[in-house]
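This briefing is for a reader meeting the structure for the first time. Please look over the sequence and the model before reading on.

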Amino acid sequence: MLKFYFNGSPNPTKVALFLEEAGLAYEPVAVDTRKGDQFTADYLAINPNAKVPAIDDGGVKVFDSNAILLYLAEKTGKFLPANTPANRGELLSWLMFVATGVGPFSGQAVHFKHFAPEKVDYAHNRYQFEAQRHFGILNDHLAGKRYMVGDTYTIVDMDVWGWARMIPYVMGEDAFAKYPNVKKLVDEISARPAAAKAIALKDNFKFKAEMDDEARGNMFKHLKIKAA
């Protein structure tokens with residue numbers, strides 16, 4: 001059975017959404033990153049980058065949420081747009097846009113907004129600006145459209161949903177008002193039964209809730225290492 005290594009953060013949750021939507025049998029394996037589970041030898045053999053999510057599909061190991069979504073979609077033939085060169089190009093472009101832009105900049109925006117031990121105005125402004133810019137591009141693209149690629153629900157929509165549903169946490173409680181087209185997509189996907197199951201998956205496990213010294217040491221190793 002496919003093993004799904006996860007926690008409740010945005011990237012694993014979008015993979016959980018695919019697994020639930022596709023009706024795939026899987027074994028969820030909790031990786032408590034605040035306790036340092038991601039640094040065990042067994043997990044590093046699956047994902048040497050020590051991040052979640054990852055999967056072990058009968059010996060086929062895949063890490064990074066975007067790679068996993070594409071792997072599972074191509075394996076199952078589900079949640080892909082009509083097979084045309086134009087759709088394929090658009091699918092890959094938006095997947096990489098989320099992988100290299102939306103996810104990283106949103107993550108850094110969250111870090112400097114909520115977790116940085118000291119306020120760094122330059123960093124906070126830079127990552128808030130970039131998060132806003134990336135979601136603005138998504139919002140413009142979705143104007144007059146129901147979905148990201150073509151007229152069907154695909155892995156790109158799941159990919160966007162993973163971080164977009166967290167917009168209030170990334171940028172502030174009123175931020176959704178700036179991105180009505182993104183919010184419309186988020187609301188539609190969040191209303192799906194599979195989304196509710198994906199979000200609730202973490203509740204079946206006990207994850208460390210406290211962001212104490214142990215958690216900060218495991219989540220932000222740079223705090224103990226002078227790299228520059």
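The model is predicted. Helix 4 and helix 5 cross in a left-handed way, and helix 6 is mostly covered. Aspartate 56 is buried and has no salt bridge. Between helix 2 and strand 3, the loop holds both alanine 50 and proline 53.

**Helices**

- Helix 4 spans residues 85–115 and helix 5 spans residues 121–141; their axes come within 8 Å and cross at roughly 150°.
- The handedness of this crossing is left-handed.
- On the helix 4 side, the residues that meet helix 5 include Trp94, Phe97, Phe105 and Phe112, along with Gly101 and Ala109.
- On the helix 5 side, the residues that meet helix 4 include Tyr127, Phe135, Ile137 and Leu138, and also His124, His134 and His141.
- Residues with charged side chains also take part, among them Glu90 and Lys113 in helix 4 and Arg126 and Glu130 in helix 5.
- Helix 6 runs over residues 155–164, and ten of its ten residues are buried.
- Among the buried residues of helix 6 are Asp157 and Asp159, as well as Trp161 and Trp163.

**Aspartate 56**

- Aspartate 56 belongs to strand 3, which covers residues 54–57.
- For this buried residue, the nearest side chain of opposite charge is that of lysine 61, 4.1 Å away.
- The side chain of aspartate 56 does reach the backbone nitrogen of glycine 59, at 2.8 Å.
- With neighbours within four places in sequence left aside, the contacts of aspartate 56 are Met1, Leu2, Lys3, Tyr5 and Lys61.

**Glutamine 38**

- Glutamine 38 sits in the loop that runs between strand 2 (26–30) and helix 2 (41–44).
- Glutamine 38 counts as buried because its relative accessibility is 3%, and the cut-off for buried is under 20%.
- Its side chain reaches the backbone oxygen of threonine 33 at 3.2 Å.
- Beyond neighbours within four places in sequence, glutamine 38 is in contact with Val31, Asp32, Thr33, Tyr43, Leu44, Ala50 and Asn218.

**Methionine 211**

- Methionine 211 is placed in the loop between helix 9 (193–200) and helix 10 (213–219).
- Not counting residues up to four places away in sequence, methionine 211 touches Arg34, Phe115, Arg216, Met219 and Phe220.
- From methionine 211 to leucine 70 there are 141 residues in sequence and 33 Å in space, C-alpha to C-alpha.

**Backbone geometry**

- Most residues other than glycine have a negative phi, and most peptide bonds are trans.
- Alanine 50 has a positive phi, near 55°, and is not a glycine. Alanine 50 lies in the loop between helix 2 and strand 3, and its relative accessible area is 11%, so it is buried.
- The peptide bond from valine 52 to proline 53 is cis, with omega near 10°. Proline 53 is also in the loop between helix 2 and strand 3.
- Aspartate 64, again not a glycine, has a positive phi of about 85°. Its place is the loop between strand 4 (60–63) and helix 3 (65–76).
- With a relative accessibility of 38%, aspartate 64 counts as partly exposed.

Technical notes. Residues are numbered from 1 along each chain as its sequence is written. This is a predicted model: local features need pLDDT of at least 70, side-chain atom pairs count only at pLDDT 80 or more; totals for chains, interfaces and linings use all residues. Side-chain values use heavy atoms; hydrogens and water are left out. Helices (H or I, at least four residues) and strands (E, at least two) are DSSP runs, numbered from the N terminus. Buried means under 20% relative accessible area, exposed over 50%, partly exposed in between (1.4 Å probe, protein chains only). A salt bridge is a side-chain nitrogen of Lys or Arg within 4 Å of a carboxyl oxygen of Asp or Glu. A polar contact is a pair of N or O atoms within 3.5 Å; within protein, one must be able to donate a hydrogen and the other to accept it, and residues adjacent in sequence count only if both atoms are side-chain atoms. Contact means heavy atoms within 4.5 Å. Axes are lines fitted to C-alpha atoms, for helices over the stretch in contact, and angles run from 0 to 180 degrees between N-to-C directions. A crossing is left-handed if the near helix is turned anticlockwise from the far one by less than a right angle, and right-handed if clockwise.
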